[in-house]
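Please read the following report with the sequence and the model side by side.

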2 protein chains.
Amino acid sequence: MITIKDIAEMANVSRSTVSRVLNDSGYVSEDARKRVESVVKETGYAPSEYAKSLRTKKTKVIGVILPTIQTETPSRIVTGLGRELSKHGYQILLANTDHDKEKELEYLDLLKVRQVDGIVLIATNADAKLMKKIKEINIPIVVIGQEAEDVIHVTYDDYRAVRELTRLFIQKGHEKIAFIGVDESDRAVGYYRKKGFLDEMAAQGLSVEKTWVQKAIFDIASGHEAMGEILKYANKPTATIAVTDRLAIGAMSYLKEQGLEIPTDMAIAGIGASEMSQYMEPPLTTVDYQNEKAGEEGAKQILASIESRPFQEKLVMDYRLIIRGSV
Amino acid sequence: MITIKDIAEMANVSRSTVSRVLNDSGYVSEDARKRVESVVKETGYAPSEYAKSLRTKKTKVIGVILPTIQTETPSRIVTGLGRELSKHGYQILLANTDHDKEKELEYLDLLKVRQVDGIVLIATNADAKLMKKIKEINIPIVVIGQEAEDVIHVTYDDYRAVRELTRLFIQKGHEKIAFIGVDESDRAVGYYRKKGFLDEMAAQGLSVEKTWVQKAIFDIASGHEAMGEILKYANKPTATIAVTDRLAIGAMSYLKEQGLEIPTDMAIAGIGASEMSQYMEPPLTTVDYQNEKAGEEGAKQILASIESRPFQEKLVMDYRLIIRGSV
DNA sequence: GAACAATGTGGAATCGATTCCACAATTTGA
DNA sequence: TCAAATTGTGGAATCGATTCCACATTGTTC
């Protein structure tokens, strides 16, 4: 494998001169520069990132920690991240926790040891333990999808989106509206989406039965189960907001099993603009977050931070309602 | 940041001795070993991968090249890969080509420069250009989902799976069976799945109208369009095999638009066991490939190759039919 | 008892790049 | 014309690890 030593010999200069040409730093005569560039081109020489990194302490690698790559939100964000990072010569080192929260902390340590230039956390819960570890490792960090104090973060306007969804139902004449959420330890999906729902209902003078508000987990089966719980009682709602498309799809499958018509007997909406949402029967009303763009923006901010340029600590992505046959 | 020099000073030994302890190589007295281990533990010291790599020429990083991370097959394979690789202290460097074939070759070069220990290609077409480049870069490589001569590859039995699917339709009384495929440059999805279909039909003495065999691309919309083409002619089939779930789902949406009943008017099946397939109406019959396991197996073989242990050049993953309401 | 082997250790060389220092030649300005 | 600044260059030091060599001590075998 060719090294800078070989290039220097071929171009009749020293390694310092080759380095000056490659990095466009310091004085180099035009003659010497041309000779070096010619040799580099004809040999296809590229310097070792490892040797460079040892000296410059930069790796051009960003670590990305996520609970799964198999769902749309994380995979879209990673796509956006990768698109922007590769424009600047950076690569993604993937750290998949497989939903194991402890692994998140382990990966932060591992990525520090691997000297990544920055770390992006996707679909995390920014709890005290995580925030403490983030402060400790002292690497530029971006959190995507969750608020994080004193850390660059890109979020979606969960609160406003759900308020608007709720308003949509009310405008369509619904007064009894149910809600399928997740644990509020997930501030974005669990807390703010619920708060948006409850605040809009209160603002419209509409009450919410305790039995209409269910807590699920992030899978289709638990949406199914939650709808079952909602419909167990006499005072039944006529519409349901689920905090993810998966939960909505699970709920829909329960309704169909019970012979109930969507949206005639129950209107329903989700969040996430999953591909599946489009092909449900009827097609599911949903909120489209700009996940790929969130990834791109996250990449821009972390690069600005790494390269000591001004950055925005907080970005809130826009969203749009996709109104379909389920409402 | 702590280095081996600091550890040596704290433990009252030389850097060589610390290195011997960390790598369990060469003679070290019990006394010295205990002191070093104690200091390493209390400081949380971990050696720089970059410095190690400079000397050992190993990086403990595997490059993964894929056209998209947003679909189920690649994301499941990556999940399986990551699970196995992380057991052995390896990390994944993600290289997403965004369906740009030229980028695949660029990424091979980039990953060589980054001195990854191995490269995994997912959802590629092993054409002559790619195979030439693979020979040239001389890094352990695994191809997943496609056959590749002289390269470790993990495949699915596309041919046999589609023969079995075709037989299933015939056993249910269908004689007029349509096929929605993709370009045959994709040997696995385009060629072998089609060949399985045609061979089984011929073996059963059943003819296939030219208009019943359509070529689509890998998206739902083109499955919709393909079904439109199939139904344009008088002699209509009563069943359709699509080479991916997405194409099947697109076809289904066309049928519904035309007011046709699935499976009464047209039975339909896809391949890929997508999550969506389960929630279609009726639920889609599909072939489940073991994508995560393919990733795990691919990881095992590439690690065996990297570590100069015996490996299998060709693995064929098993599959299972998931028979649902669409047939 | 001597020669050979095993044990244990420290320090230099090495990996491949960048960076800084020293030196020489040339140019500029007073 | 001379001093200072600029231009151009090569080589050593450095980054943080591993590895090998040289040396000293201890143990074993003939």
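## Terms and basis

A residue is called buried when its relative accessible area is under 20%, exposed when it is over 50%, and partly exposed in between, as found with a 1.4 Å probe on protein chains only. By this rule B:K194, at 23% relative accessibility, counts as partly exposed.

This is a predicted model, in which local features need pLDDT of at least 70 and side-chain atom pairs count only at pLDDT 80 or more, while totals for chains, interfaces and linings use all residues. Residues are numbered from 1 along each chain as its sequence is written, chains are lettered from A and ligands numbered from 1 in the order in which they are written, and side-chain values use heavy atoms, with hydrogens and water left out.

## Two copies and their axis

When copies are superposed by least squares on the C-alpha atoms of residues with pLDDT of at least 70 in both, chain A can be laid on chain B with an RMSD of 0.1 Å, by a turn of 180° and a shift of 0.0 Å along the axis. The two copies are therefore related as by a two-fold rotation axis. In chain A, the C-alpha nearest this axis belongs to A:L93, at 2.2 Å from it. With contact taken as heavy atoms within 4.5 Å, the same surface serves both copies, since 100% of the contact residues of chain A recur in chain B.

## Domains and a helix of chain A

Domain bounds come from an automatic or database domain assignment, which for chain A gives domain 1 (4-47), domain 2 (59-156 + 291-319) and domain 3 (158-288). Taken over C-alpha atoms, the centres of domain 1 and domain 3 of chain A are separated by 63 Å.

Helices (H or I, at least four residues) and strands (E, at least two) are DSSP runs numbered from the N terminus. Helix α13 of chain A, residues 291-306, has 16 residues, 13 of which are buried, so that α13(A) is mostly covered. Following α13(A) comes A:S308, whose phi is positive, near 55°.

## Salt bridges

A salt bridge is a side-chain nitrogen of Lys or Arg within 4 Å of a carboxyl oxygen of Asp or Glu, and the structure holds 55 of them over all chains. One of these links B:K256 with A:E281, the closest N and O atoms being 2.2 Å apart. Because B:K256 lies in helix α11 of chain B and A:E281 in the loop between α12 and β10 of chain A, the pair joins two chains. B:K256 is partly exposed at 27% relative accessibility, and A:E281 is partly exposed at 28%.

Within chain B, B:K101 forms a salt bridge with B:E104 at 2.7 Å between the closest N and O atoms, and both lie in helix α6, 3 residues apart, about one turn of the helix. Here B:K101 is partly exposed, at 35%, whereas B:E104 is buried, at 7%. A network of salt bridges links A:R83, A:E292, A:E296 and B:D98.

## Aromatic pairs

Rings of Phe, Tyr and Trp (its six-membered ring) pair if their centres lie within 6.5 Å, and planes under 30 degrees apart count as stacked, over 60 as edge-to-face and the rest as tilted. The count comes to 7 aromatic pairs over all chains. Among them, A:Y50 and B:Y50 are stacked, at 4.5 Å centre to centre and 20° between the planes. Each lies in helix α4 of its own chain, so the pair joins two chains.

Key: The expected span of a helix is 1.5 Å times one less than its number of residues.
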